[in-house]
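Have the viewer open as you read.

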Amino acid sequence: MLVGASQIDITPEPGVELQGFAIREQPSKSVGDPLFLRTLYLNGDGTQMLWLVFDLVGFSISFADEMRKHLARTTHIPVDCIFVTTTHTHSGPGTSQLNCCGNPAPAFLNSLPSIAMNAARQAIHSAEPCRLLFREANCHLAIDRQTDQTHTDTDPRMPVLAWQKEDGDFKAVLLSYAMHPVCLCGTMISADWPGYVSQKIAESFPGRPITLVLSGACGNINPPKAGGTYREMQTVGQTIADSILDHGDKINWENRGNRPSMTVSTKTLKLPLEGWTLDEINDFADRNLNDPNGYAEFGDSFLLAGASWRQTMLERCRCHAEPFVDITVSFLFLQEIVFAAVSAEVFSHLRKLSTGSTDSLYILGMTNGTLGYMPVQSAYDACGYETDWSLLFYNQPRLKKGGLERIASNIRQVIADVNAAKSAETLFSSPHSVKKIPTTLI
């Protein structure tokens with residue numbers, strides 16, 4: 001397998017507004033740690049993929065789509081094999097349209113496609129033979145904010161993939177832990193715990209590999225304390241890093257060799273939206289805006305976001321906007337290891353709902369843009385921030401109940417069909433033939 005990686009500093013100057021919280025002092029005043037774009041390039045027997053990970057809160061689906069298409073035209077890597085993920089730090093500049101959660105930074109946002117192109121070129125040009133090492137670490141730190149408990153629907157598993165060069169140094173590391181990067185809330189620019197973990201892992205491995213850290217399926221998952229101090233964020237990050245490095249220099253790796261089978265694809269699924277009438281939109285807006293708990297938590301920002309949401313939704317209704325949204329699900333298969341990445345803030349329940357064909361399934365969110373929260377079906381009955389208030393800030397309609405479950409069903413089907421295709425190719429082709437995902441899925 002040929003592996004390349006790159007890292008480019010994308011830290012803006014203080015003065016931009018930070019995005020992710022409705023209540024915070026603006027604008028930013030200092031830099032706690034740099035923000036990076038980290039890029040991974042894989043080429044396994046001719047199957048290529050490019051994975052870009054930004055230390056940012058998120059992109060619109062349309063922005064991510066345009067970036068992927070531009071990268072595909074220039075690199076000649078299929079667009080379905082290009083993933084654009086954000087770590088979802090809430091201490092970075094505004095990169096999407098959120099009501100009252102920090103104004104976008106258009107100049108910064110417009111600079112990213114060319115930076116992404118440079119990062120892709122650097123990663124591709126640096127590619128060299130590597131073997132794949134894998135281990136699954138565990139960290140019992142995150143909290144399900146629906147229940148304020150650590151062992152309900154959190155996912156303690158941390159997949160760690162490391163690519164080692166022939167000389168023993170490491171080229172790149174990719175890992176994921178399902179937890180919101182909201183340790184900080186203030187005027188300091190920061191990559192939050194993913195940035196800290198990336199730094200610590202890179203420092204601990206021979207060759208100082210470029211380390212991509214993802215925040216998993218974290219829609220309902222928080223750190224033990226949100227909005228704390230910088231030192232508290234570092235303590236959280238150190239706990240996660242220690243969970244990976246708990247064997248010191250003798251990490252118990254599984255050696256997957258230098259030619260692991262690889263399958264990459266991105267599929268699009270149309271999910272239905274709630275088709276509210278004008279009266280239903282007004283009823284929803286009134287019910288939320290009259291909720292004293294919402295105003296107590298967010299103050300005037302809550303009222304302003306609600307008014308903007310009402311106007312946007314009424315206009316959608318009058319224009320007879322399409323009652324569905326396109327969601328992308330991106331797949332990376334490395335032997336039996338599977339990453340399924342969704343363009344939403346997915347709830348951690350998606351992993352259990354999707355498991356069936358493999359235990360080595362890892363769910364990611366915030367990939368190829370985001371539509372906002374994708375809650376589990378039971379969360380709609382309980383109501384709450386993710387199913388109600390968040391719509392006001394994201395300024396968009398709500399998914400119909402069952403969207404997460406439908407995504408899970410399709411993930412199960414993709415895994416089953418890919419495994420069936422691999423079995424068939426084992427019988428009728430050479431052991432190193434390129435594995436292709438069926439194009440009829442989803």
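## The nonpolar cores

The largest nonpolar core has 60 residues, and those touching the most other members are Leu40, Trp51, Phe54, Leu112, Trp163, Leu332 and Phe339. A nonpolar core here is a set of buried Ala, Val, Leu, Ile, Met, Phe, Trp, Tyr and Cys residues joined through side-chain atoms within 4.5 Å. Buried means under 20% relative accessible area, exposed means over 50%, and partly exposed is in between (1.4 Å probe, protein chains only). Helix 2 (residues 106–125) gives the most to this core, with nine residues. Helices (H or I, at least four residues) and strands (E, at least two) are DSSP runs, numbered from the N terminus.

Before going on, some ground rules. This is a predicted model, so local features need pLDDT of at least 70 and side-chain atom pairs count only at pLDDT 80 or more, while totals for chains, interfaces and linings use all residues. Residues are numbered from 1 along each chain as its sequence is written, and side-chain values use heavy atoms, with hydrogens and water left out.

Which residues does Leu112 touch, not counting those up to four places away in sequence? They are Phe54, Leu56, Phe59, Phe63 and Met67, where contact means heavy atoms within 4.5 Å. There's also a second, separate core of 52 residues, and Ala217, Leu361, Leu371 and Phe393 are among its members.

## Helix 5 and its two partners

Two packed helices are described by the angle between their axes and the distance between the axes. Axes are lines fitted to C-alpha atoms, for helices over the stretch in contact, and angles run from 0 to 180 degrees between N-to-C directions. Angles under 35 degrees count as roughly parallel, over 145 as roughly antiparallel, 65 to 115 as roughly perpendicular, and the rest as oblique.

Take helix 5 (residues 278–289) and helix 10 (residues 385–394): they pack at about 100°, axes 11 Å apart, which makes helix 5 roughly perpendicular to helix 10. Helix 5 brings Phe284, Arg287 and Asn288 to the contact, and helix 10 brings Asp388, Trp389, Leu391 and Leu392. By class, that's four nonpolar, one polar and two charged residues. (Ala, Val, Leu, Ile, Met, Phe, Trp, Tyr, Cys and Pro count as nonpolar, Asp, Glu, Lys and Arg as charged, and the others, Gly among them, as polar.)

With helix 7, the angle is about 175° and the axes are 10 Å apart, so helix 5 and helix 7 are roughly antiparallel. Helix 5 makes this contact with residues including Leu278, Ile281 and Phe284, while helix 7 uses Phe302, Trp309 and Met313, among others. The class count is 12 nonpolar, three polar and three charged. Leu278 is partly exposed, with a relative accessible area of 36%. Leaving out residues up to four places away in sequence, Leu278 touches Leu314, Cys317 and Arg318.

## Helix 7 and what comes after

Helix 7 (residues 300–318) has 19 residues and spans 27 Å from its first C-alpha to its last, close to the 27 Å expected at 1.5 Å a residue. That expected span is 1.5 Å times one less than the number of residues. Its buried residues are Ser301, Phe302, Ala305, Gly306, Trp309, Met313 and Leu314. The cover over them includes helix 5, helix 6 (292–298) and helix 10.

After helix 7 comes His320, with a positive phi near 55°. His320 sits in the loop between helix 7 and strand 17 (324–334), and at 69% relative accessibility it counts as exposed.

Is His88 buried or exposed? At 3% relative accessibility, His88 is buried. Its phi is positive too, near 80°, and His88 lies in the loop between strand 6 (82–86) and strand 7 (92–93). For a cis peptide bond, go to Gln26 and Pro27, where omega is about -5°. Pro27 belongs to the loop between strand 2 (18–19) and strand 3 (30–31).

Finally, look at Ala241 in helix 4 (residues 230–244). Ala241 is buried, at 0% relative accessible area. Ignoring neighbours within four places in sequence, Ala241 contacts Val197, Lys200 and Ile201. Ala241 and Cys139 are 102 residues apart in sequence but 9.4 Å apart in space, C-alpha to C-alpha.
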